[in-house]
Amino acid sequence: QVQPVESGGGLVQAGGSLRLSCAVSGHPFRSYASGWFRQAPGKEREFVAAISWSGGRTYYADSVKGRFTISRDNGKNAVYLQMNSLKPEDTGVYYCAAGTWVQVTTKPDYWGQGTQVTVSS
């Protein structure tokens, strides 16, 4: 069983930055691709970013390209999401996820509990 646990959310002003972290326990972490999703109030959960098990491939939603960076440290079983130039529309609960590369952008096998990010205008 793989269990992601997110941290690093909070309140930030528009234009600011936050770094989310995800600690992953369970099955060898390096076997899985990892991703971040978010859910705004009243909206469906949406894909944000993904990274392959090696870190060699990344993929971003158009809405965050050039502002967010996903990375991972397999030695620490951790995934990160650096968020810069934050906008109020980036507000939501951010979820860390894990699965195969094919799955991780749409329907990952494993989900964390989420961390709240609020961007004030």
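Trainee: Which residues are linked in a network of salt bridges?

Mentor: Arg38, Glu46, Arg67 and Asp90 are the ones linked that way. Keep in mind that we are looking at a predicted model. The structure holds four salt bridges.

Trainee: What makes Arg38 and Glu46 a salt bridge?

Mentor: Their side chains come to 2.6 Å, N to O. The cut-off is a Lys or Arg side-chain nitrogen within 4 Å of a carboxyl oxygen of Asp or Glu, so the pair qualifies.

Trainee: And how do you know that Arg38 is buried?

Mentor: Its relative accessible area is 6%, and buried means under 20%, so Arg38 falls in that class. Glu46 has 36% relative accessibility and therefore counts as partly exposed, since that class runs between 20% and 50%.

Trainee: What does Arg38 meet in the other salt bridge, the one at 2.9 Å?

Mentor: That partner is Asp90, again taken N to O. This pair links distant parts of the chain: Arg38 belongs to strand β4 (residues 33-39), while Asp90 is in the loop between β8 (78-83) and β9 (92-99), 52 residues apart.

Trainee: Why is Asp90 called buried?

Mentor: Because its relative accessible area is 0%, and the limit for buried is under 20%.

Trainee: With which residue does Asp90 form a salt bridge at 2.7 Å?

Mentor: With Arg67, that being the distance between the closest N and O atoms. Arg67 sits in the loop between β6 (58-60) and β7 (68-73) and Asp90 in the loop between β8 and β9, so this pair ties together parts 23 residues apart in sequence. Arg67 has 11% relative accessibility, so it counts as buried.

Trainee: Let's turn to the rings. Why is the pair of Tyr32 and Tyr110 called edge-to-face?

Mentor: The structure holds five aromatic pairs. In this one the ring centres are 5.6 Å apart and the planes stand at 90°, so it is edge-to-face.

Trainee: What makes Phe47 and Tyr59 stacked?

Mentor: Their planes are at 25° and their ring centres 5.5 Å apart, so the pair is stacked; planes under 30 degrees apart count that way. Phe47 is in strand β5 (residues 46-51) and Tyr59 in strand β6, twelve residues apart. Phe47 is buried, with 15% relative accessible area, whereas Tyr59 at 45% counts as partly exposed.

Trainee: One last topic, the backbone. What makes the phi of Asn77 worth a look?

Mentor: Most residues other than glycine have a negative phi. Asn77 is not a glycine, yet has a positive phi of about 50°. Asn77 is in the loop between β7 and β8. Ser85 also has a positive phi of about 50°, and its place is in the loop between β8 and β9.

Technical notes: Residues numbered from 1 in each chain as written. Predicted model: local features only at pLDDT ≥ 70, side-chain atom pairs only at ≥ 80, totals over all residues. Heavy atoms only, no water. Buried < 20%, exposed > 50% of the residue type's maximum accessible area, 1.4 Å probe, protein only. Helix = DSSP H or I, 4+ residues; strand = E, 2+ residues; numbered from the N terminus. Phe/Tyr/Trp six-rings, centres within 6.5 Å; stacked < 30°, edge-to-face > 60°.
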